[in-house]
Amino acid sequence: MHRNGPTQDIDESALSVTAPKEQAAGVTAVAVSLTRAVGEMGVIRTARTLARVNQVHGFDCPGCAWPEPTGHRRPAEFCENGAKAVAEEATLRTVTPEFFAEHSVDELAGKSGYWLGQQGRLTHPMVLRPGATHYTPIAWDDAYRLVTDHLGALASPDEAVFYTSGRTSNETAFLYQLLVRAYGTNNLPDCSNMCHESSGAALVSSIGIGKGSVSIDDFAAADLIIVAGQNPGTNHPRMLSALANAKEQGAKIVAINPLPETGLLGFRDPQTVKGFTSGVSIADDFLQIRLGGDMALFQALGRLLFEAEDRAPGTVVDREFVDAHCAGFAEYEKQVRAVDFDTALEATGLTMAELERTARRMTESKNIIICWAMGLTQQVHGVATIEEATNLLLLRGMIGKPGAGVCPVRGHSNVQGDRTMGIWEKMPEPFLAALDKEFGIVSPRKHGFDTVDAIRAMRDGRASVFFGMGGNFVSATPDTEVTEAALRNCALTVQVSTKLNRSHVVHGSTALILPTLGRTDKDLRDGVKQQVSVEDSMSMVHLSTGRLDPVSKYLRSEVAIVCDLALTLFGADHPVPWATFRRDYDTIRDAIARVVPGCADYNTKVRARNGFVLPHPPRDSREFRTSTGKANFAVNELHWTPVPEGRLILQTLRSHDQYNTTIYGLDDRYRGVHGGRKVVLVHPDDITELGFAENDLVDVISEWTDGTERSVEGFRLIGYPTPRGNAAAYYPETNPLVPLDHVAARSNTPVSKSVTIRLQRASHE
Ligand SMILES: Nc1nc2c(c(=O)[nH]1)N[C@H]1C(S)=C(S)[C@@H](COP(=O)(O)OP(=O)(O)OC[C@H]3O[C@@H](n4cnc5c(=O)[nH]c(N)nc54)[C@H](O)[C@@H]3O)O[C@H]1N2
Ligand SMILES: Nc1nc2c(c(=O)[nH]1)N[C@H]1C(S)=C(S)[C@@H](COP(=O)(O)OP(=O)(O)OC[C@H]3O[C@@H](n4cnc5c(=O)[nH]c(N)nc54)[C@H](O)[C@@H]3O)O[C@H]1N2
Ligand SMILES: [Mo]
């Protein structure tokens with residue numbers, strides 16, 4: 001029943017372009033998802049698998065972190081891209097020792113990430129010895145010893161880096177950070193460093209907790225929902241149902257985006273009969289903002305809100321809320337009243353009428369939610385931008401009441417839970433103290449490396465062991481050439497993975513692939529089925545149970561891998577009961593209950609029908625545990641990036657047919673790009689003005705402030721309705737253009753959404 005992956009790699013010359021789609025989802029989405037799933041898993045496995053996605057006793061969709069509805073769940077609580085994520089994992093295609101014997105690492109390094117991923121699930125632990133050309137099989141015990149020998153040989157634990165990607169369950173995450181801290185380092189970079197780190201930094205400073213303050217039910221109670229810097233039609237498709245539902249209840253929806261993203265502008269809900277035949281326009285207003293213009297927009301809206309208050313005193317500013325709960329209001333008022341509208345119009349590319357209309361919507365609304373994702377976080381001033389959005393909500397008293405609040409929409413399905421469980425290079429003291437008390441260890445207090453600092457350390461030889469708990473570090477991170485050299489600089493690179501990816505073929509002197517169970521796989525310990533738990537974007541924690549037979553008997557669960565590694569590293573008389581944890585995941589949850597705030601009675605509460613919600617003081621009781629003990633109005637100097645002469649500002653984003661570095665297929669259906677990925681979307685007038693024609697092949701060169709340049713070659717120019725001066729291209733192909741030092745202030749997040757580029761006629765046809 002095993003299948004083989006495709007043998008052909010991408011042929012970019014087959015690329016074709018059609019007009020962008022006006023409506024997302026609908027019948028095509030259902031058809032695409034089923035065809036993909038059947039192709040990977042066959043009919044029976046498809047039916048068994050998709051029926052369990054996001055059901056009460058099923059498994060959590062490994063796609064995005066959008067929550068499940070709390071009440072009635074429809075029989076198909078997933079979307080086209082969730083189905084693709086499931087098919088990608090539940091595939092029957094396999095990558096076996098024979099595959100590795102056939103293909104040298106050099107050969108595999110010449111393949112695209114798409115080709116690698118399509119080969120199927122990894123089946124055996126594999127090792128690449130120093131100087132070897134091929135990976136060969138290794139016994140699990142020998143693999144663990146190889147890792148611990150390397151860790152034991154380091155001059156300091158701080159020379160090892162332990163990365164986490166956001167699919168890892170709470171149980172694994174908790175044990176993994178415990179292993180790393182017991183070993184002696186806080187070097188726990190994660191994908192969040194490249195994702196919502198800016199949201200966390202801003203919200204901790206403004207409201208005292210780095211998580212969103214709304215629940216799924218708040219959407220139906222909102223009367224204004226602002227969606228900024230996010231493409232839910234592709235990346236959080238089930239959010240469109242929540243938005244459509246809110247609209248039916250009378251909410252207005254404003255989309256703020258440089259691109260007219262299909263799902264925001266038109267949507268057919270495939271789960272309703274009506275959705276099969278007719279669609280709705282989700283957004284009542286589409287503000288086509290320039291890249292990086294959001295901070296200026298939010299500040300200008302602040303001034304307009306104060307001016308509306310002047311016209312009708314007592315109607316706009318929620319004095320009671322501000323007086324009782326906020327600090328820094330006077331400073332904020334003073335600064336924002338001085339905002340220069342001309343600058344704001346230039347930075348945003350919007351009209352005064354658009355700003356005024358949006359301000360009016362905000363003054364007329366009783367309940368406002370602001371949602372955002374990577375368009376705001378991956379900016380130089382991402383943290384300040386999110387603070388400015390929060391300022392507007394504080395001014396209107398929109399935190400801690402139904403139908404209102406901040407809503408950072410998370411990416412990976414458990415990226416929020418991983419942080420709750422301690423995956424962070426700078427966990428606060430109370431967490432470390434509780435961990436030490438529970439286990440009788442001494443956690444290090446010195447902050448560890450985040451993602452960018454980890455790359456710098458490996459580049460400079462300050463770290464030489466890399467361990468990846470999931471993810472695809474080499475392809476997800478910026479400045480590909482620098483990062484690849486950094487990984488190659490390591491003595492050992494280890495990847496715990498489900499699928500083959502580029503991080504397996506860009507490696508240290510010794511490299512290990514440790515194949516693991518995914519969310520959909522059955523996990524038996526001594527014949528007893530184990531469950532794991534996850535936390536969604538709205539702080540709901542619930543169980544996930546895999547049901548499929550694993551494609552290979554050599555796969556081990558992530559929990560088992562962490563425990564085995566710990567037993568090899570620390571020996572059997574370590575104070576942490578690793579063997580017990582490995583046998584029965586309930587015992588891990590009991591430990592979590594004693595260490596992690598808000599998790600008391602974890603085993604009981606997580607078994608409730610919809611799981612349980614973690615505490616969120618601002619949402620629950622308007623309590624703000626910040627430096628001032630109040631919600632802080634932030635005062636920020638305006639920052640935006642003008643487009644230099646003859647240049648463009650580039651954002652790197654996701655197509656409709658990928659999950660981060662996992663490429664499902666080559667069709668960005670909604671944007672009308674088919675059969676290839678090496679494209680740059682540019683305004684037709686800019687294409688002409690820069691001396692090119694649509695369809696030309698170009699090299700893209702990024703320019704950095706230190707005078708260095710980076711380039712990618714052979715991209716096709718596509719005329720697209722972006723704002724003038726802005727361009728868009730897919731990640732990860734364009735990661736080589738993002739300089740390692742191009743990071744957001746205060747969050748160190750790579751600035752993937754604002755890279756200065758110039759175009760040049762392609763050097764090779
Ligand atoms: N199918 C699928 N689902 C996914 C993922 C996936 O790859 N595939 N990835 C998951 C992950 S980890 C994450 S983090 C999320 C990502 O979800 P998104 O943040 O939606 O992902 P991106 O494709 O990066 O899209 C960024 C959006 O912001 C807009 N934008 C860019 N710059 C600006 C700006 O300066 N201002 C404004 N207002 N808008 C801007 C872009 O035009 C685009 O619409 O999705 C998650 N879900
Ligand atoms: N230029 C640019 N760069 C970006 C971004 C961008 O918008 N632009 N976005 C950033 C963002 S938001 C993120 S979150 C990161 C994503 O960074 P990562 O999380 O590191 O990348 P993914 O592509 O999600 O990882 C995919 C790999 O994870 C493994 N995997 C899948 N499921 C499991 C599992 O259950 N267990 C284990 N152990 N492994 C598994 C598979 O082997 C697969 O190849 O990329 C960031 N990089
Ligand atoms: Mo992400």
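A polar contact is a pair of N or O atoms within 3.5 Å; within protein, one atom must be able to donate a hydrogen and the other to accept it, and residues adjacent in sequence count only if both atoms are side-chain atoms. The structure is a predicted model, in which local features need pLDDT of at least 70 and side-chain atom pairs count only at pLDDT 80 or more, while totals for chains, interfaces and linings use all residues. Residues are numbered from 1 along each chain as its sequence is written, chains are lettered from A and ligands numbered from 1 in the order in which they are written, and side-chain values use heavy atoms, with hydrogens and water left out.

**First stop: Arg361**

Select Arg361, which lies in helix α19 (residues 352-364). Helices (H or I, at least four residues) and strands (E, at least two) are DSSP runs, numbered from the N terminus. Arg361 has a relative accessible area of 18% and is therefore buried. Buried means under 20% relative accessible area, exposed over 50%, and partly exposed in between, with a 1.4 Å probe and protein chains only.

**Second stop: ligand 1**

Select ligand 1 and display its shell, in which a residue counts if one of its heavy atoms lies within 4 Å of the ligand. The ligand is surrounded by 31 residues, and the closest are Asn257, Glu261, Gly292, Asp294 and Asn660. By class, 11 residues of this shell are nonpolar, 16 polar and four charged. Here Ala, Val, Leu, Ile, Met, Phe, Trp, Tyr, Cys and Pro count as nonpolar, Asp, Glu, Lys and Arg as charged, and the others, Gly among them, as polar.

Another place to look is Gly229, where a polar backbone atom is 3.3 Å from an oxygen atom of ligand 1. At Asn81, an N or O atom of the side chain is 3.2 Å from a nitrogen atom of ligand 1. On its own, ligand 1 has 920 Å² of accessible area, and the protein covers 99% of it. Accessible areas come from the Shrake-Rupley method with a 1.4 Å probe; for residues, only the protein chains shown count as cover.

Next, colour domain 3 (197-409) and domain 4 (648-761): both give residues to the shell, so ligand 1 lies between them. These bounds come from an automatic or database domain assignment. At least two residues of the shell come from each of α11 (232-235), α20 (374-377), β24 (648-653) and β25 (658-659).

Select β24. Six of the six residues of this strand are buried, so β24 is largely enclosed by the rest of the structure. In a regular strand the side chains alternate between the two faces of the sheet. In β24, one side carries Leu648, Leu650 and Thr652 and the other Ile649, Gln651 and Leu653, all of them buried.

Two strands pair if DSSP finds at least two bridges between them. Show β32 (residues 726-730), which pairs with β24 in the parallel sense over five bridges; in β32, Ala729 stands opposite Thr652. Then show β33 (residues 755-761), where five of the seven residues are buried. Strands β24 and β33 run antiparallel and are joined by three bridges. Along this pairing, Leu650 has Val755 as its bridge partner, and Leu648 stands opposite Ile757. Strand β30 (residues 697-703) also pairs with β33, in the antiparallel sense over five bridges, and Ser702 has Ile757 as its bridge partner.

Select ligand 2, which has 30 residues around it; the closest are Tyr163, Ala476, Glu558, Thr661 and Tyr731. Its shell holds nine nonpolar, 16 polar and five charged residues. Domain 2 (94-190 + 416-609) and domain 4 (648-761) each supply at least three residues of this shell.

For Asn660, the distance from a side-chain N or O atom to an oxygen atom of ligand 2 is 3.1 Å. A polar backbone atom of Gly471 is 3.1 Å from an oxygen atom of ligand 2. Taken alone, ligand 2 exposes 930 Å², of which the protein buries 96%.

**Last stop: a three-stranded sheet**

Finally, select β1, β28 and β27, which form an open, antiparallel sheet in the order β1-β28-β27. The edge strands, β1 (16-17) and β27 (667-668), each pair on one side only. Two bridges join β1 to β28 (residues 673-674), and His674 is the bridge partner of Ser16.
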